[in-house]
Amino acid sequence: MEIQQIHQTSANMAPSVFQLSGTCNNYPWGKQGKASLAAQLCAQTPGTDFKLDESAVYSEMWFGDYPDFPARVLSSGELLSDVLKTDKEQLLGKKVLQYYDGQLPFLPKILSISKALPLQLHPNKALATKLHEEDPGNFTDPNHKPEIAVALGKFEVFAGFKPLGEIQSLFALQPLKRFDPSPGKWDDETLRNVTRELMKAEFSTVKEVQTQLSQLSRSDLPSEAGYILNLLPRLQDQYGPEDAGSLVTLLCMNYMVFQAGDAIYIPADGIHAYLSGDIVECMARSNNVLNTGFCPPADRNSIDLFANVLTFKTHSRDDVYLPSQTYDKSKNGKTVVYKPPMSEFDMLKADLGKGETEELTANEGPGVLIVTNGEGIMKAQGEEFEMKKGYIFYVAPGVNLRWESKQALQIHMAVI
């Protein structure tokens with residue numbers, strides 16, 4: 001069966017719907033070979049030169065217009081960014097032209113995670129602009145990078161800070177008293193400074209503290225912190241006993257386990273470290289990051305800069321959990337929307353059983369979708385497009401969509 005790749009509306013107009021190919025990368029925290037969903041999905045796109053290597057580690061597949069790991073139009077091999085420039089008004093729409101510099105304002109990815117990503121935050125827009133001006137080689141754009149992650153299965157993450165009382169009680173333990181600045185009640189500035197001091201501690205000190213922590217029994221810890229004894233050896237196996245990232249994540253941060261369909265939101269300046277799982281991730285159009293743990297010392301950014309810009313909210317799971325909502329453009333109720341508190345995008349998730357259909361009315365901005373499971377047909381502007389697991393499509397503004405499943409069909413779509 002020949003696959004219809006694009007729909008040409010007229011000789012003078014760019015196609016409104018067309019299939020893309022993504023680009024995989026190979027960060028060491030990814031999964032090996034076929035265990036990587038990112039690589040599996042990348043390999044499903046027909047007509048590319050990507051060959052899955054069982055000996056290689058695959059961490060992410062990107063499918064946006066950002067210069068790093070860019071998406072391409074499948075039928076021509078052209079960069080998505082170049083095609084968008086040919087007719088910005090049609091392909092991006094007036095809203096994107098007016099508010100987002102005529103570029104796709106979001107960057108979607110698939111992540112496959114086998115061990116902790118670097119302990120990190122993404123700088124706010126003012127700081128990102130300053131860093132880009134001072135060091136454009138490492139900070140490649142002036143934008144902020146708030147992001148969401150939607151779990152495709154079990155997903156473990158460290159994100160945001162625990163309640164202050166829980167943190168303070170841990171630093172009353174003998175191995176940690178050296179970092180407790182005072183007997184008084186902690187506030188956010190106390191936590192900021194303790195985080196700074198943990199990250200600045202000598203390797204020998206970090207190793208000593210981790211050794212002492214590992215010798216504690218579960219009864220030595222507050223009841224809500226018993227998981228620390230299970231995760232500490234796991235993190236040490238990944239990054240060694242001298243990485244202070246283990247202390248910051250286990251002692252100060254929320255450890256959360258999510259299931260398929262759960263989503264989290266990480267704001268600019270929000271501390272986080274994803275630990276394991278497969279996710280759909282989407283963020284504002286940026287690749288700026290400050291790393292301070294779970295990575296080689298040479299790759300770490302300024303600890304003082306990192307600590308100075310940390311944000312603090314309510315110190316709970318609710319700081320990051322992003323519930324799904326009913327989507328008002330769904331005609332058949334098969335699609336939900338995740339609406340992060342940012343303007344660059346929303347994320348849709350559609351789930352269709354065998355033989356079911358869904359229709360979405362058009363958005364005023366563009367969308368990029370990926371089939372994360374199943375098989376079906378997409379109808380748009382009088383044309384049909386075959387949909388299989390791993391297929392990626394660009395959808396211009398003003399296009400109504402109809403999806404018909406052959407098997408249970410799941411689609412994730414970033415829209416604005």
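**Domain contact and pockets in a predicted model**

Zero salt bridges are counted between domain 1 and domain 2, a salt bridge being a side-chain nitrogen of Lys or Arg within 4 Å of a carboxyl oxygen of Asp or Glu. This is a predicted model, in which local features need pLDDT of at least 70 and side-chain atom pairs count only at pLDDT 80 or more, while totals for chains, interfaces and linings use all residues. Residues are numbered from 1 along each chain as its sequence is written, and side-chain values use heavy atoms, without hydrogens and water.

User: What area do domain 1 and domain 2 bury between them?

Analyst: An automatic or database assignment gives domain 1 (117-322) and domain 2 (326-415). In contact (heavy atoms within 4.5 Å) are 13 residues of domain 1 and 13 residues of domain 2. With 82% of it on carbon and sulfur atoms, the buried area (accessible area, 1.4 Å probe, lost on putting the two parts together, summed over both) is about 1100 Å².

User: Which strand supplies the largest share of the lining of the largest pocket?

Analyst: A pocket is an open set of points on a 1 Å grid over the protein atoms alone where a 1.4 Å probe fits, with protein on both sides within 12 Å along at least five of seven lines; lining residues have an atom within 4 Å of a point. Strands are DSSP runs (E, at least two residues) numbered from the N terminus, and those supplying at least two lining residues each include strand 5 (60-62) and strand 7 (106-113). The largest share, four residues, comes from strand 13.
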